[in-house]
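User: I would like to learn how to read helix packing and overall fold in a model. Please walk me through it.
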Amino acid sequence: MALITYRDALKDALAQEIERDENVFIMGEEVAQYNGAYKVTEGLWKRFGDKRLVDTPISEAGFIGLAVGASMMGLRPVVELMFWSFAYVAFDQIVNNAGCVRYMSGGLIHCPLVIRGPANGGNNVGATHSHTPENFLANIPGLKVVAPATAYDAKGLMKSAIRDNDPVMFMENILLYGEQWEVPEGEYLVPIGSADVKREGKHVSLIAHGRAVITCLKAAEILAAEHDIDAEVVDLRSIRPLDEETILQSVRKTHRAVLVEENKPFCGVDAQIASIIQEKAFDDLDAPVLRVSALDAPAIYSPPVEKKQLPDPQAVIAKVLKIC
Amino acid sequence: MGNGTAVQDIATYADAPVNQALTPEQKVEFLREMYRIRRFEQVALKCYQQGKMGGFLHLYTGQESVAVGTISLLAENDHVVTAYRDHGHALAVGMSMEECMAELFGRSTGCSKGKGGSMHFFAPDKNYWGGHGIVAGQTPLGLGVAFGLKYRGLKGCCLCYLGDGAVNQGAFHESLNLASLWSLPVIYIIENNQYSMGTSLERSSAFSKCLAARAEAYAMEWDVVSGESLYEIRAKTQVAIERAHETSRPTLLEIDTYRYYGHSVADANAKKYRAPEEIERYQTLHDPLRLWKARLIEENLIDEATADQIDHEAREEAESAVRFADESPFPSEKEIYSDVYWEVDNNTENGRRGRHFFND
């Protein structure tokens, strides 16, 4: 199987879905002629033309709202946000229109819409460009939120997101775009709402989403080599809907859990996961559920310090050693 | 660019081809539609005061000619999106008083099953895409509907209504830019009723000639329309519709109108920010329903008795809608969880996989 980057996996998914369904089009800032600010859409404009690759002005509320309206009419827009941080100027369109219009119309309308782009810190661009809104958006019933950690999942989840009939918020990561994984060339889907055990283990469950999964896999290697601890790594992949069964199954096996995310701790995704574990697997736990999150301040610019603001393998290992 | 001219002689608009083509029956039908909206709102207000509904109730009374006149021009591929003062447009596109009243009462027979309320009426089968609660939040949606038409190669347009209070929101300006930049067949209609809640136009908006002239900054056609006359509304809106159909160019229309009640029924200061004489002057001299009735009598199409009969029937229909709503059940508590996700509602594999709702 070929090794391809997370970026190319996304591009392959987009190209395949554009070819498969005439209602699919990509819209966003610099997605067409410029080839994408992060090159996710590189070459697609040349291949598919102006109708399917639409360059927008810098006008997120306008073009996201437009995409919601177009999806109400049955089109399947895939909107790129150059950074998910820019969603904040379009929050009304995402939350009130994409998120609520089905409900407010008593089910008469639905929005088959994907909004995608990078949602991560660690890129030396300061607080305004480093937001991780997966927790805010997963708080909105009506929206779905996914965060793939590997190229394989990025491709399969993107294809599922485009075919889904609800609005899907697709969280990528700039620091993963250039990383390579084995990815099949042909057709496959990774279903929304299913987690994936990325590493089997028996002593502790490391539960994560997005790039934090990669951090956990590195931590697990070190834990095995240096501490004789066999960690299981559960990749949520999908945040809402959430694969609760896979989480609970893992915790029931290992009896210990450390939850890792690059989001801030207060009301982060892991706050919800911790609540579910204590409620449904309380008797299986041999230790408190611990969390590793981004350090709780706006994203600092200073490059070497910023690295320390996000969870790294050492931070995960330190928490694991507290309970193992 | 738009002409922005003062109101011309009404005969000019009556002579417009789109009005010349009207049959007497159609003209009388417009009167009936305006009466239906007026009586629906009147009865809804009474029910609100009796505690039969909650929340807001933004009445359309005084503005009936705008919805009736503009929507009367629409064809198969023409669509409508509006804001929260949405009852008039809903009735004008053909929604029933029953489903609308039941929605106000929060009943499961309401157009949105009692989940949307006064501000959120929808009827996609009638090309009516809401009913939206956030000021100017609907303006990019109208853009999207127009984009969808163009993408599919359909000859149609989207009428997207907003109030004069919405013209200072960023989303509206972003929409104007995109509409013109991409030549989308959308017609933005500012229903200028002079007040954004309790703040008058003068205290909320900076402009040179009129609000619609802001379109010039976006190289977009515009016009100002008197809301007093159905003939003028139809004549000028038709120009915009033909422009959208034939050239896919957008238009910004500003229709001068007036609301007789407060911003909503919950508007505590409804009688403080404008003089009662101002409201009285509009009701006496500028009321679109009264003026249309007079026009039809002048054209020998109806007499007073016929008008009274139409009015009477509209009242009866509204009262009957109240009985329907009163007798309808509330949605069950179980219904809280339906119509959130399409995949869940349709029990698809996607809808069954993973946890979608997070209560116990």
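User: How many helices and strands does chain B have?

Analyst: Helices (H or I, at least four residues) and strands (E, at least two) are DSSP runs, numbered from the N terminus. Chain B has 15 helices and eight strands. This is a predicted model: local features need pLDDT of at least 70, side-chain atom pairs count only at pLDDT 80 or more, and totals for chains, interfaces and linings use all residues. Residues are numbered from 1 along each chain as its sequence is written, while chains are lettered from A and ligands numbered from 1 in the order in which they are written.

User: At what angle do helix 3 and helix 13 of chain B pack?

Analyst: Axes are lines fitted to C-alpha atoms, for helices over the stretch in contact; angles run from 0 to 180 degrees between N-to-C directions. Helix 3 (residues 24-49) and helix 13 (residues 304-327) of chain B pack at about 40°, axes 8 Å apart.

User: Which residues of helix 3 of chain B meet helix 13 of chain B?

Analyst: Contact requires C-beta atoms, placed from the backbone, within 7 Å. From helix 3 of chain B, B:L31, B:Y35 and B:F40 are among them; the partners in helix 13 of chain B include B:A307, B:I310 and B:V322.

User: What about chain B as a whole?

Analyst: The C-alpha trace of chain B spans about 65 × 50 × 40 Å along its principal axes. Residues 24 or more positions apart make up 75% of the chain B contacts with a separation of 6 or more. Buried means 20 or more other C-beta atoms within 10 Å of a residue's own, with C-beta atoms placed from the backbone. Of the 360 residues of chain B, 52% count as buried.

Methods. Contact = placed C-beta atoms within 7 Å. Buried ≥ 20, exposed ≤ 12 C-beta atoms within 10 Å, placed from the backbone.
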